[in-house]
Amino acid sequence: MILRQLMGLNTWVRVLIAFISVWVILVLIFYSKLNTGGANDAEDAFRRLNQALSYLEKSKQVDQELRTLIDEYISDTSYNRKQKFVDELGNKLQIQGVGAGHFKGVPSLEYEQLRRRVYSNTQELWNFLNSEVIKAAKIGRKNSPEIAPPLDALLSLASEHKRSLLNDINQMRASDGYEFWRYKESKDLSDLVQRRLSYLQNPEDCSTARKLVCRLNKGCGYGCQLHHVVYCFIMAYATERTLILKSKGWRYHKAGWEEVFQPISDTCLDANGATHASWPGTTETQVLTVPIIDSLNPRPPYLPLAIPADLAPRLMKLHGDPIVWWIGQFLKYLLKPTGETRQMLENGMEKLGFRKPIVGVHVRRTDKVGTEAAFHGIEEYMMAVDDYYNQVEMTEAIDKRRVFIASDDPKVIDEAKSKYPHYEIIGDPDVAKVAAVSTRYTDSSLNGIILDIHLLSLSDYLVCTFSSQVCRVAYEIMQTLYPDASGRFKSLDDIYYYGGQNAHNREVVLAHNPKNHDEIHMRKGDLVGVAGNHWNGYSKGKNSRTSQVGLFPSFKVNDKIEVVDLPKYPKVK
């Protein structure tokens, strides 16, 4: 089966090789053109590039009605209708007789990983070539101004071909016969985890239950505090303890968590017990209190970025970034709004006119820029938005390009409306005002940030800086709305990370000999602790074998998924 699936990708691999080869030729032409101005060679390269990509044929979805049903599920922002989706989809498939032809069953792990790797490596190739051509253009503008227009034209055409290739890979995924499995597996896995969490949080006898106490008192912003609660919940899951959230006096809402979100237990909310201890305690300790993740000692192996061993085989096949899915499941359980909060969210969406298609943009300005994060102008965000819509419009007609902007600086929204009148920009300057540091810890500010994260997570695509925990929370929640939303983002700075996480390693799959003193040597099988992606074809990291720190080509590594043994909750079916 694996061999047949790999053979089915041969066409794509050949096209990708041709695509890479032609682009390398183009880059050489760019540089030579700075000195020789060979227009004929460039035109010939264009012809060959078009010929290479002409072998790609657009695939169509199984059926327009089926696609509409899936789109309705994705765009549905209600809280109650999503549970019926898989049954409706299954009935639709049976009625249309899809099972015999297009619904193949379960793909192999190798197929899903290879498909995702081809997609991500195409992105990395574009990052590299885009960066190199821009550098060449800067040299050209300085030494030979007349070279700028043809270089810009070449870059524009190359970008169009990149979008075409990514679109063809997407179409291959949509028509490979496994789409129903992806939706069903996503729902089945999520339902299983939610049942386990419900079982954990609702013991039969609260007075004798083993408990883990988490105090919502970490001195940081809202996104950071959500991640603090998630960390506590992971600790509770791993130690089979009911999580008790002590939230009275919460800096965002003094009355506590339960007035904003539903209680995290129906049967057990008090921290009483026969014995108490601070982490690590013992297995016999009934009530265990944990510190913030930064002070945790000893540090267990099941902290992020680890996933449970019993779910890992299914999750690694389903999702491109399993740890983000895993974190998203805890947020899904935690962030169940009260009736008042739900009404606030619905009113906010109606007031703003939030509807799809839409790209969510989060622009952080006030508290972290210049310290934890660099400044990024609105032009950088909108360039990524443009690229997303250009990609979508290759196959879909869009009535209006919409952008939802969440920020802690109200001027950002006005600036975007002024500079990009052809976009429908929505955002609430009043929410941005109360998100500033001086007014951050108020009820109106809390409602604003909850609404911002909700709308960012509901967006079709997310453009932000992953140095922001607000952005990362929205990205994590987004994973609960799709089978795999790991590619629905563009970060202008960091890769995804979880504050206080254990090591993030990547495994070398292609050896690398350094070309200069900035790069590191890598052998196949080496583990590299990744420090970040420079979005120019290179990442930075430390080779654990040699202790070298430096740059390496991003496409030569794969994420190493950390898998740990955790309770399997056998009573939960």
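**Strand pairing and helix crossing in a predicted model**

Modeller: Strands β3 and β4 (residues 287-289) pair in the parallel sense over three bridges. This is a predicted model, in which local features need pLDDT of at least 70, side-chain atom pairs count only at pLDDT 80 or more, and totals for chains, interfaces and linings use all residues. Residues are numbered from 1 along each chain as its sequence is written, and side-chain values use heavy atoms, without hydrogens and water.

Colleague: What makes β3 and β4 a pair?

Modeller: Pairing requires at least two DSSP bridges between two strands, and β3 and β4 have three. The bridge partner of serine 278 is threonine 289 in β4.

Colleague: Why is one side of β2 and of β3 left without a neighbour in the sheet?

Modeller: The open sheet has the order β2-β1-β4-β3. β2 (242-246) and β3 (276-278) stand at its edges with a single partner strand each, so one side of each has no neighbour in the sheet.

Colleague: Why are helices α9 and α12 called oblique to each other?

Modeller: The axes of α9 (residues 179-201) and α12 (residues 322-334) cross at roughly 50°. Angles under 35 degrees count as roughly parallel, over 145 as roughly antiparallel, 65 to 115 as roughly perpendicular and the rest as oblique; α9 and α12 are therefore oblique.

Colleague: Which residues of α12 make the contact with α9?

Modeller: With contact meaning heavy atoms within 4.5 Å, α12 contributes Trp325, Trp326, Gln329, Phe330, Lys332 and Tyr333.

Notes:
Axes fitted to C-alpha atoms, helices over the stretch in contact; angles between N-to-C directions. Helix = DSSP H or I, 4+ residues; strand = E, 2+ residues; numbered from the N terminus.
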